[in-house]
Every structure is written in C-alpha cells, then in structure tokens.
Amino acid sequence: AVIDANVFPSLLNNLQSGGFSVQKEAMWAVGNALSGGSAVQIRYLSSIGCVKPICDLLNVADKRVLVVALEALEQLLKMGEEDGKSNDGVNPCAVTVEEAGGLEKIEFLQSQESEEVYEKAIRLIEVYFTDEDDAAAEAVAVAGVGGNQQFALQLNELGSNQKFNF
C-alpha cells in the first residue's frame, strides 16, 4: 500500500535535498520503513536509490541521525547479503555504499565520541566490508601478538642481514 501510494520517491527527494530538519525527519521515516519493512519494501527502497542519500547523512553531527542512518544501512546491507547469495557472493548494497562514499564515512565514524555510533560503525565494517584477505591478515597479526617474533631487516648499504627479537 505504501509503495503503491508513491510516498517513497518524495521522501527520498526530501532526504537528499531538503534542509537539515527536513532531512532528519525523512531519515526517521526511511529508517522506520527499513527497520519494519518487508523484504519487498526494503528492496524497493534500495532500487529507487535510498543508499546514497543515507550515506550523505553520515557526516552530520547529530548522533541520533547517525544512529538511524547506520541502522538503516544495516537493514539494506542484510538484504543485500541475501541477494548476494545468488550474485556470486557479491553484496550489491555494499557495492552501492562504497560507490556512494559511504564506507569512508563509516570508517571515519569509528572515531566518533558516541559509543553507540562507534559500535554500529565497527559492526557494519566487520560484518559487511571485511573480506577474507583482511580477516586473514588480522588473524596473522593477532596470532603473533605475545609470541617470540623475529623481524628481519635487510641493510643494503652494509650488506648484512640483522634480526630483531621482540
């Protein structure tokens, strides 16, 4: 019924180009639609371009807007992960978030003072944007912590090979 009423295109227009107070209200409405929406509604919102305007709001100072935007992106990314199972494992929403500059903004939000914003940003990165190579590199780095590690340093000028034990 909401899709048939053609409400969402106007809402997204307000989200993208309204004043901040209008964008804030539009973000609440879109966030509510995504958090309580059916798979059809979430896919519809994604298909009409809601990802970029949500990503554009990730640089505001309002903590509540950031939380709602991150939660909305999580719903979209969850659906994208499901869709990716039939798309060679590629999450189409994650690709759209990256293309919209959203990943950089989410990474920046890791330095946010708000613990809630920080935790949501970390979760999105860990769940939807960490690939197997990143995870393997992290595992190697963590596995070496606390152990007896040796790092070789080749000193070309001296022609010697020295090792440092940590």
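**Notebook: a first look at the chain**

I began with burial: of the 166 residues of the protein chain, 33% count as buried. I note here that the model is predicted.

**Overall layout**

I looked up the secondary structure next. The chain has nine helices and two strands. Along the sequence I read the pattern α-α-α-α-α-α-α-α-α-β-β. I then checked the contacts between residues at least 6 apart in sequence, and 54% of them join residues at least 24 apart. For the accessible surface I found about 10,000 Å², with 50% of it belonging to carbon and sulfur atoms.

**Helices α2 and α5**

Two packed helices are described by the angle between their axes and the distance between the axes. I looked up both for α2, residues 20-36, and α5, residues 63-84. Their axes come within 9 Å and cross at roughly 35°. The crossing is left-handed.

Which residues of α2 meet α5? I listed F20, K24, M27, W28, G31, L34 and S35 on the α2 side. On the α5 side I listed R64, V65, V68, A69, A72, Q75 and L76. I sorted the residues of this contact by type: nine are nonpolar, three polar and two charged.

**Salt bridges**

Side chains of opposite charge can pair when their charged atoms come close. I found eight salt bridges in the count.

I started with K52 and D56, whose side chains meet at 3.1 Å, N to O. Both sit in helix α4, residues 51-56. They are four residues apart, so about one helical turn separates them. K52 is partly exposed at 41% relative accessibility. D56 is also partly exposed, at 26%.

What else does D56 pair with? I found a salt bridge from D56 to K105, at 3.7 Å, N to O. D56 lies in α4 and K105 in α7, residues 102-108, so this pair ties together parts that are 49 residues apart in sequence. K105 is partly exposed, with a relative accessible area of 22%. I therefore noted K52, D56 and K105 as one entry, linked in a network of salt bridges.

My last pair was K63 and E116, with the closest N and O atoms 3.6 Å apart. K63 belongs to helix α5 and E116 to helix α8, residues 115-128. This pair links distant parts of the chain, 53 residues apart. Are K63 and E116 buried or partly exposed? I found K63 partly exposed at 38% relative accessibility, and E116 partly exposed at 35%.

Definitions and conventions: Residues are numbered from 1 along each chain as its sequence is written. This is a predicted model: local features need pLDDT of at least 70, side-chain atom pairs count only at pLDDT 80 or more; totals for chains, interfaces and linings use all residues. Side-chain values use heavy atoms; hydrogens and water are left out. Axes are lines fitted to C-alpha atoms, for helices over the stretch in contact, and angles run from 0 to 180 degrees between N-to-C directions. A crossing is left-handed if the near helix is turned anticlockwise from the far one by less than a right angle, and right-handed if clockwise. Contact means heavy atoms within 4.5 Å. Ala, Val, Leu, Ile, Met, Phe, Trp, Tyr, Cys and Pro count as nonpolar, Asp, Glu, Lys and Arg as charged, and the others, Gly among them, as polar. Buried means under 20% relative accessible area, exposed over 50%, partly exposed in between (1.4 Å probe, protein chains only). Accessible areas come from the Shrake-Rupley method with a 1.4 Å probe; for residues, only the protein chains shown count as cover. A salt bridge is a side-chain nitrogen of Lys or Arg within 4 Å of a carboxyl oxygen of Asp or Glu.
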